[in-house]
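Student: Could you go through this structure with me? I would like to know how its parts touch one another.

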Amino acid sequence: MVTGDVKLIGSWASVFVMRARIALNLKSISYEFLQETYGTKSELLLKSNPVHKKIPVLIHDDKPVCESNIIVQYIDEAWSSYGLSILPSQPYDRAIARFWAAYVDDKWFIALRSILTARGEEEKKAAIAEVEERTDHLEKAFIECSNGKPFFNGDHIGYLDIALGSFLGWWKVVELDANHILLDETKTPSLFQWAERFCNDPDVKPLMPETTKLAEFARKLFPKPQA
Amino acid sequence: MAKEVILLDFWPSMYGMRTRIALREKGVDFEYRDENLREKSPLLLQMNPVHKKIPVLIHNGKPVCESAIQVQYIDEVWPHKNPILPSDPYQRAQARFWVDFIDKKLCLGDQMYEAQRKVYATKGEEQETGKKEFIEILKTLESELGDKPYFGGDDFGYVDIGLIGFYTWFPGYEKFGNFSIEAECPKLIAWAKRCMQRESVAKSLPDPEKVVEFMAMLRKKFGVE
């Protein structure tokens with residue numbers, strides 16, 4: 001089967017890039033990974049994503065696709081005969097998966113990020129409370145979507161697993177930074193167990209960044225204000 | 001006998017307009033219910049407990065939330081008439097990208113209709129900055145449209161549906177922002193008028209005069225009037 005020329009512009013630390021890489025792994029697509037240097041943007045990146053100038057960018061036979069969730073859907077559709085389906089097969093289930101993936105980006109991630117950017121204890125406490133509330137929503141979403149199966153998508157990882165699971169490296173880093181458990185085995189047991197399964201998936205494991213390395217990078221990205 | 005499809009909506013919502021258009025493109029019979037956003041119905045709160053927002057599409061009792069997701073759902077459930085998304089995966093990715101752009105740039109974040117809100121509901125420097133940002137966004141879209149009749153090419157589709165609702169707010173932006181959108185983006189206005197020729201669009205968009213009145217009311221609420 002001819003897959004064409006596939007390149008991915010990204011970075012080892014990016015959640016959004018990881019989504020694309022997991023999807024490519026699921027479809028067993030070989031690709032050239034073009035690592036961006038933190039602090040600069042390559043000419044290829046600026047040319048391929050002139051609107052947002054952000055990673056990831058998938059370049060398939062010289063045609064760029066931008067935005068991680070859109071890239072994942074593209075991978076599923078362009079290589080629909082390869083491997084398993086990433087999106088659910090039923091329109092209603094697809095709508096639910098898309099809804100929660102949008103929630104992860106628009107609500108949950110924003111809250112998680114605000115823990116890292118919080119100034120002072122009050123702000124941090126408020127951010128933590130928000131993350132806990134939103135994680136609780138995701139626990140319910142998992143129970144609803146998985147229907148007793150191991151993943152949001154059922155028997156195998158899929159679109160929503162990828163959307164949320166790619167955050168697990170950073171999730172851990174923020175936990176350490178906040179000195180507060182954010183994925184609680186007793187509060188959100190289904191998500192907790194799902195997280196372990198997700199990280200151990202063979203298409204995910206080699207991509208998950210190592211916590212210490214990521215924490216060090218986080219300190220660069222989110223420097224603490226001088227006392 | 002309850003209809004198979006119910007749409008919980010709010011008449012000036014450019015998001016609700018997307019779903020109305022999509023349903024009409026497909027010839028789907030639906031019950032339209034206008035919500036009072038200051039007193040949301042129990043059905044709305046039950047069907048969209050996470051965001052408590054309109055539009056909510058209820059199909060055979062099951063809710064679908066978020067307008068862009070609703071339009072894709074409608075396209076997938078009723079695929080045979082007037083396809084909304086292109087069939088080619090790359091074209092689909094492009095279409096999704098541009099609707100995502102509209103959502104990120106024109107109405108980003110949690111604040112109601114952020115970027116375009118600055119144009120009609122702020123004053124002074126904030127408004128001037130808002131206008132500049134807004135025009136830039138429209139110009140990017142106009143550039144993407146190019147000389148094509150519709151964003152996807154010859155056929156009316158996903159991105160057209162994603163953007164056209166904002167057109168009913170244009171007279172209001174112009175009035176309160178004191179500028180001409182047509183002067184800045186003539187091709188976009190030509191595109192909008194073309195879309196208005198379509199029955200599904202004409203039936204789904206409110207009278208812009210009424211939208212101006214609504215925006216005037218919002219300005220009072222934001223303390224600008």
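Student: What kind of model is it, and how are things numbered?

Tutor: This is a predicted model, in which local features need pLDDT of at least 70 and side-chain atom pairs count only at pLDDT 80 or more, while totals for chains, interfaces and linings use all residues. Residues are numbered from 1 along each chain as its sequence is written, chains are lettered from A and ligands numbered from 1 in the order in which they are written, and side-chain values use heavy atoms, with hydrogens and water left out.

Student: What is the mean pLDDT of chain B?

Tutor: The mean for chain B is 93, and 96% of its residues reach 70 or more; pLDDT is the predictor's confidence in each residue, from 0 to 100. For the complex, the predictor gives an ipTM of 0.96 and a pTM of 0.96.

Student: OK, how many residues of chain A and chain B are in the contact?

Tutor: Chain A contributes 24 residues and chain B contributes 25 residues, where contact means heavy atoms within 4.5 Å. About 2200 Å² is buried between chain A and chain B, with carbon and sulfur atoms giving 67% of that area; buried area is the accessible area (1.4 Å probe) that two parts lose on being put together, summed over both.

Student: Which residues of chain A lose the most area to chain B?

Tutor: They are Tyr92(A), Arg98(A) and Phe99(A), which together make up 26% of what the chain A side buries.

Student: And how many salt bridges are there between the chains?

Tutor: There are 5 salt bridges between chain A and chain B, a salt bridge being a side-chain nitrogen of Lys or Arg within 4 Å of a carboxyl oxygen of Asp or Glu. Arg96(B) forms a salt bridge with Glu77(A), and their closest N and O atoms are 3.2 Å apart.

Student: Switching topic, where are the domains in chain B?

Tutor: Domain 1 of chain B covers 5–77 and domain 2 covers 89–222, with bounds that come from an automatic or database domain assignment. Their C-alpha centres lie 20 Å apart, and the contact takes 16 residues from domain 1 of chain B and 28 residues from domain 2 of chain B.

Student: How much area is buried between those two domains?

Tutor: About 1900 Å² is buried between domain 1 of chain B and domain 2 of chain B, and carbon and sulfur atoms give 64% of it. Met14(B), Arg18(B) and Ile21(B) supply 32% of the area that domain 1 of chain B buries there, more than any other three residues.

Student: What charged pairs join them?

Tutor: The count between domain 1 of chain B and domain 2 of chain B is 2 salt bridges. Arg198(B) forms a salt bridge with Glu25(B), with the closest N and O atoms 2.8 Å apart.

Student: Now chain A, how far apart are its domain centres?

Tutor: The C-alpha centres of domain 1 of chain A and domain 2 of chain A are 21 Å apart, and the domains themselves run over 4–77 and 89–219. Between them there is 1 salt bridge, and the side chains of Asp105(A) and Arg19(A) meet in a salt bridge at 2.8 Å, N to O.

Student: Last topic, which residues does a cis peptide bond join in chain A?

Tutor: A cis peptide bond joins Ile55(A) and Pro56(A), with omega about 0°, and Pro56(A) is in the loop between helix H2 (43–48) and strand S3 (57–60) of chain A. In chain B, the peptide bond from Ile54(B) to Pro55(B) is cis, with omega near -5°.

Terms used:
Helices (H or I, at least four residues) and strands (E, at least two) are DSSP runs, numbered from the N terminus.
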